[in-house]
Amino acid sequence: MEIFRLPALSDNYIFLLYDSVSQTTAVVDPAQPEPVLQQLTKLGASLTAILNTHHHADHVGGNRRLQQQFPQAVVYGGAEDNGRIPGQQVFLTEGDTVTFAQRIAQVYFVPGHTRAHIAYYFPPIEAGDWGELFCGDTLFAGGCGRLFEGTPQQMVHSLSKLRSLPDTTRIWCAHEYTLNNLKFALTVDADNIDLQQRWAQVQAARQRDEATVPSTLGLEKRTNPFLRWDQPALQAAANIADPARTFARIRGMKDQF
Ligand code: ZN
Ligand code: FE
């Protein structure tokens with residue numbers, strides 16, 4: 001499975017999955033149709049599936065146009081998003097699977113950013129390979145999504161599920177927010193050496209106009225304050241010795257940042 005990262009809108013990423021043997025393709029969160037159509041033309045492939053993580057316009061904006069062009073493409077999304085995702089045909093819940101060529105994605109229900117948000121996880125084929133996580137706006141490189149429709153408790157529960165995946169999981173999040181996320185992270189986890197190093201690397205990468213997505217779960221666990229609610233440094237910054245309330249206070253600080 002090849003994964004193409006297609007920039008869209010101001011800071012979105014669309015991901016196109018491609019299996020050359022079976023000529024299978026799937027697009028994750030098509031913000032816009034054009035980048036997807038261009039990449040499909042380059043590959044000489046048609047579209048097999050649309051995998052949506054949640055209903056926001058910057059994730060489903062390309063659904064209708066792509067469906068017009070490729071009527072056979074199946075549109076997947078979370079069951080709770082019924083009525084909010086254009087063209088949705090499959091309504092997924094926790095534990096469901098989605099088959100893509102030889103790979104099978106596991107569906108995680110991860111409410112918080114929205115009440116219906118799901119993530120797609122492809123386990124590695126062999127030990128030592130990468131697993132691939134498409135997490136939309138739930139987990140970002142160095143951050144997490146805003147809580148538009150969920151509570152901090154829900155988001156902690158959702159992020160806990162993602163945090164329990166192998167460290168060798170690539171995090172394909174839907175926005176290039178990393179620089180600003182890490183700038184904030186340093187305000188609540190200043191003594192974290194891994195974070196300081198990552199900040200320097202990301203600054204350099206962005207100066208070269210390079211993408212910082214995908215990240216890896218191992219790196220996120222060491223440097224992302226929104227996966228570190230049980231660390232003493234974060235609880236000190238939040239001034240609370242309670243995981244969910246630490247998360248809530250840090251999320252609130254980021255909202256004001
Ligand atoms: Zn969103
Ligand atoms: Fe988004």
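**A zinc site and the fold around it**

Along the chain, the donors of the zinc ion (ligand 1) follow the spacing H-x1-H-x56-H-x23-D; donors here are N, O and S atoms within 2.8 Å of the metal (3.2 Å for Na, K and Ca), and since water is not among the atoms, sites may look incomplete. His56 sits in the loop between strand 4 (49-51) and helix 2 (57-60), while His113 sits in the loop between strand 8 (103-109) and strand 9 (118-122), so this pair ties together parts that are 57 residues apart in sequence. Helices (H or I, at least four residues) and strands (E, at least two) are DSSP runs, numbered from the N terminus.

A word on the source: this is a predicted model, in which local features need pLDDT of at least 70 and side-chain atom pairs count only at pLDDT 80 or more. Residues are numbered from 1 along each chain as its sequence is written, and ligands are numbered from 1 in the order in which they are written.

Let's look at the zinc ion (ligand 1) itself. Its protein donors are His54 (NE2), His56 (ND1), His113 (NE2) and Asp137 (OD), 2.2 to 2.3 Å away. Asp137 also bridges to the iron ion (ligand 2), and the two ions lie 3.3 Å apart. His113 counts as buried because its relative accessibility is 4%, where buried means under 20% relative accessible area, exposed over 50% and partly exposed in between (1.4 Å probe, protein chains only).

Now step back to the whole protein. It has nine helices and 14 strands. Buried residues make up 54% of its 257 residues, and its C-alpha atoms fill a box of roughly 55 × 40 × 35 Å, taken along the principal axes.

Key: Side-chain values use heavy atoms; hydrogens and water are left out.
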